[in-house]
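Please consider the model shown below.

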Amino acid sequence: MSTKNSNKLNVPEAKAAMDQFKMEAASEVGVNLKNGYNGHLTSREAGSVGGQMGKKMIESYEKNL
């Protein structure tokens with residue numbers, strides 16, 4: 001089993017925007033994120049942030065159809 005991380009941005013210059021997007025999503029679901037490593041988060045908290053990000057991306061896509 002490989003431990004290679006495959007989570008890469010297609011546009012590396014978008015990292016700052018993605019970090020800001022993640023912070024906004026975390027704030028909306030009440031999860032307190034800090035810059036850098038957030039190993040203190042529970043799986044539930046991390047999942048709620050990712051779920052909120054996905055929800056916002058889908059809403060944005062549907063709005064622009």
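Predicted model: local features only at pLDDT ≥ 70, side-chain atom pairs only at ≥ 80, totals over all residues.

Residues are numbered from 1 along each chain as its sequence is written, and side-chain values use heavy atoms, with hydrogens and water left out.

Me: Is Gln52 buried or exposed?
Reply: Gln52 belongs to helix 2, residues 43-63 (a DSSP run of H or I, at least four residues, numbered from the N terminus). Buried means under 20% relative accessible area, exposed over 50%, and partly exposed in between, with a 1.4 Å probe and protein chains only. Because its relative accessibility is 16%, Gln52 counts as buried.

Me: With which side chain does the side chain of Gln52 make a polar contact?
Reply: Not counting residues up to four places away in sequence, Gln52 touches Ala25, Glu28 and Val29 (contact means heavy atoms within 4.5 Å). A polar contact is a pair of N or O atoms within 3.5 Å; within protein, one must be able to donate a hydrogen and the other to accept it, and residues adjacent in sequence count only if both atoms are side-chain atoms. At 2.6 Å, the partner of the Gln52 side chain is the side chain of Glu28.

Me: Which backbone nitrogen does the side chain of Glu45 reach?
Reply: Glu45 also lies in helix 2 and, at 29% relative accessibility, counts as partly exposed. At 2.9 Å, its side chain reaches the backbone nitrogen of Thr42.

Conventions
Helix = DSSP H or I, 4+ residues; strand = E, 2+ residues; numbered from the N terminus.
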